[in-house]
Structures are given as structure tokens and as C-alpha cells.
Amino acid sequence: MVTATWRKFVSPCWKPSPDNQNNRGDDLYGRVDGLWWYKDLGQHSHGEFSMAVIQANNVLEDHSQLESGPMSSIEYGPQGTFVGIYDGHGGPEASRFINGRLFENIKKFTSDDQEMSSDVIKNAYLATEDEFLLLVKKQWEMRPQFASVGSCCLVGVICNGLLYIANAGDSRVVLGRVERADKELKAVQLSDEHNASLASVRDELHLLHPDDPQIVVLKHKVWRVKGIIQISRSIGDAYLKKTEFNRVPLLPKFRLPEPFQKPILLAEPSIHVQKLNPEDQFLIFASDGLWEHLSNQEAVELVHTSPRNGIAKRLVKAALQEAAKKREMRYSDLKKIDRGVRRHFHDDITVIVLFLDALLINHSPNFSIKAGGLNPADANS
């Protein structure tokens, strides 16, 4: 049996319905409006932020969070801002689980080391992966489909004047920077992506699996790991991490013909650390659903030339307008399409825009928000 603690991570996630057409809830913790969830403007440790989510799947597979305040569980520990974008696939269970566990693991390892670091973030990813795979094992007999559920995981941490970016999968974070010399706005992609469409990722897979000529397969003009999945790193996807989960009763489409000796996908993120400078204006964190339709430069230009209030929602809307244009339809017609069917036109999209207003000053109160609406009683505010 699953304990109550685990059950809250694997139960069905937020699923907007026609009854939600009007704005609901205190804007402090975001609003729901049909297939939208959004927080137009809020305050984090180093400035303002804006968040928005649009649902396309029958059940929302994207989850996300922003945490501002203590980055550890110890008194007088590091303070900062944490952003997480979790783009699930195969179901919402993995992204929902990460939304509940990853930041808690960040705080645990920061407390143990008494500082924020790349190792803290890497260990938090791996601990969250281990916890989810343990859940898969416990549920194997009753719910073997858990083994085919996974999530991309993009994290940003601002702490002590440093920006940490960690990524596993193909979500992306882009920095908007105004160059001091010519005052031009520049888009700087800060995250590595792990998608088999990239030659560098295919090379890495061949290097890690030199004895497997079928480690990456071109299938219907799309490169896929083992002919199944596009990403090469994730949390979850137990069926490609441990051979014990790649067997009956798992669905045949996920089963490989031969057992494997080492994980095919990795959970370890690629991590970059850099000092933030006065020229750095804002960060756009988003699941790949946004970047399918907007270029890095288009996104930063829109943020730079628009009011801050509601800017995340404005970015999502711009992507939806592009998605409609590609299908030679009007945006007004796309808006009428309900979840599930809408997935044929665009993916779930999550965007968090983080403005960098006060890199060395922390005036804001502690704040915690999770996309899809969070009961204020559950928030560490």
C-alpha cells in the first residue's frame, strides 16, 4: 500500500474544467481561468517575477515552483531564490513528485554542507530520482505504468550573488542582457539541452554506449533514444534506467528486446554557475512548449518591450498565436479547443520570468508558490 505521504505526489494533478472559466482564488497564490493558471506579478528575493501555465494535455503534465527565502533548513543559512520547471511525459506523476520533493532535497543538502553549491544541486536531483524509483518499485505490481512516467527538470538558484542553472531534459532558460557598450539587448541561453535531435547529444549517447549501434534511432524523421524517447536525461523513466522495470507487465511499446547493463537515460543534470552582473536584466525559464514556437531573441525582446505585469502569460499567448499560425488557423479558434484535443496543436507550456532588480539586497518576505494553485495553508509564506 502507498502511504499518505506518497499518495499526494501520485494522485491526479490539477485538471481545469469548464466550471473554472472565471478567475478563482487569491492572486497571492495565482489564478485559474479555464486552461490557464497564472500569477501576473510577485516579489522574490532579488526582484519581481511572473508565472503562467497553459494546459494542452488531458491532464496537465507540467509542474513548476518558485521559492524565495531560506535555501536550507538551518537558522542563518543561505537565502535566495529557487525556480523549478518540471515538464512531465507519460503522465503527471513524476513532475508532480519533483514539485514536492526536489526543493526539500536542495534544502537538506544545503544544510548538510552549510552552503549552496553545484554538488548540492546534483545530489538533490539524484536523491529525488532515487525516491521516485523507489516509489515505482513499490507500485510495480499494481501500477507498472509508473515505470514509463518521467519528467524533464530545469532548476535555477540565485544565492550569494551567483546563478546556478541545472538541467536534465529539453526545457530552457534564457538570460536577457543589455550590453553596456552598445545598449543592445542580447539573448543568452544558459542551459544545456538533452534532446537526441542535437548532434552533440547523439555523440554523447554513442560515447556512453559504444556497444549499442541502436542507442539512437531515426524514426519517422525524429531522432529517438532506443527509438522511443527524444530526451537523454530525466527524472523517472525507470524502464530506461533499470532493466528490472523493462519487462512484463510493462506495455510492449516500452519494452526493449534485450536487457541492458547500465542506465540508458541519466538523471544527473548539466550544471553551470556564473556571477550575475548589472547588465543581466531578467531570466526566462520555460518548458520546451514555449521554445517550439518562439526563438530566444523573440522571447527576450517581448519581455524587454512589455510591461512586467502579466509578462509570462503574454509570452505563452505569443507562442499560442504562432502555433495557430502554423496550422493556418485563427488564435480565436485555437482558444475554443479543449484540453486533450489541443495537444495536437501545442504542448503544455510553463513560463517563469524572473527579473533581476536587486542582486545583493533581500527585502522581500519568504514566499512559496506552485503552478496550478496552491492552498495558502500549505505555503511557507
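Reader: At roughly what angle do the axes of helix α2 and helix α3 cross?
Author: Helix α2 (residues 93–113) and helix α3 (residues 118–139) cross at roughly 135°, and their axes come within 8 Å. Axes here are lines fitted to C-alpha atoms, for helices over the stretch in contact, and angles run from 0 to 180 degrees between N-to-C directions. Helices (H or I, at least four residues) and strands (E, at least two) are DSSP runs, numbered from the N terminus. Before we go on: this is a predicted model, where local features need pLDDT of at least 70 and side-chain atom pairs count only at pLDDT 80 or more, while totals for chains, interfaces and linings use all residues. Residues are numbered from 1 along each chain as its sequence is written, and side-chain values use heavy atoms, with hydrogens and water left out.

Reader: Thanks! What do you call the way α2 and α3 sit to each other?
Author: They are therefore oblique to each other. Angles under 35 degrees count as roughly parallel, over 145 as roughly antiparallel, 65 to 115 as roughly perpendicular and the rest as oblique.

Reader: And which residues of α2 and α3 make the contact?
Author: From α2 they include Phe97, Ile98, Leu102 and Phe109, and from α3 they include Ile121, Ala124, Tyr125 and Phe132. Contact means heavy atoms within 4.5 Å. By class, the residues of this contact divide into 13 nonpolar, 4 polar and 4 charged. For those classes, Ala, Val, Leu, Ile, Met, Phe, Trp, Tyr, Cys and Pro count as nonpolar, Asp, Glu, Lys and Arg as charged, and the others, Gly among them, as polar.

Reader: What's in the loop between α2 and α3?
Author: Gln114 is found there. Its phi is near 60°, a positive value in a residue other than glycine.

Reader: Is Gln114 buried or exposed?
Author: Gln114 counts as exposed, because its relative accessibility is 62%. Buried means under 20% relative accessible area, exposed over 50%, partly exposed in between (1.4 Å probe, protein chains only).

Reader: New topic: how many residues does the largest nonpolar core have?
Author: It has 34 residues, and those with the most contacts inside it are Ile284, Leu290, Leu315 and Val351. Helix α7 (residues 311–326) gives the largest share of this core, 8 residues. A nonpolar core is a set of buried Ala, Val, Leu, Ile, Met, Phe, Trp, Tyr and Cys residues joined through side-chain atoms within 4.5 Å. Apart from it lies another core, of 29 residues, among them Ala94, Leu133, Ile231 and Phe245.

Reader: What is Leu290 in contact with?
Author: Leaving aside neighbours within four places in sequence, Leu290 is in contact with Ile284, Leu315, Val316, Ala319, Ile349 and Val351.

Reader: Back to α7: at what angle does it pack with α6?
Author: Helix α6 (residues 296–304) and α7 pack at about 140°, with their axes 10 Å apart. That makes α6 oblique to α7. The contact is made by Ala299, Leu302 and Val303 of α6 and Ile311, Arg314, Leu315 and Ala318 of α7.

Reader: Nice. Where is Val53?
Author: Val53 is in strand β3 (residues 47–54). At 1% relative accessibility, Val53 counts as buried. Val53 and Ser287 are 234 residues apart in sequence, yet 9.8 Å apart in space, C-alpha to C-alpha.

Reader: Last one: which peptide bond is cis?
Author: The one from Val248 to Pro249, with omega near 15°. Pro249 is found in the loop between β12 (235–236) and β13 (270–275).
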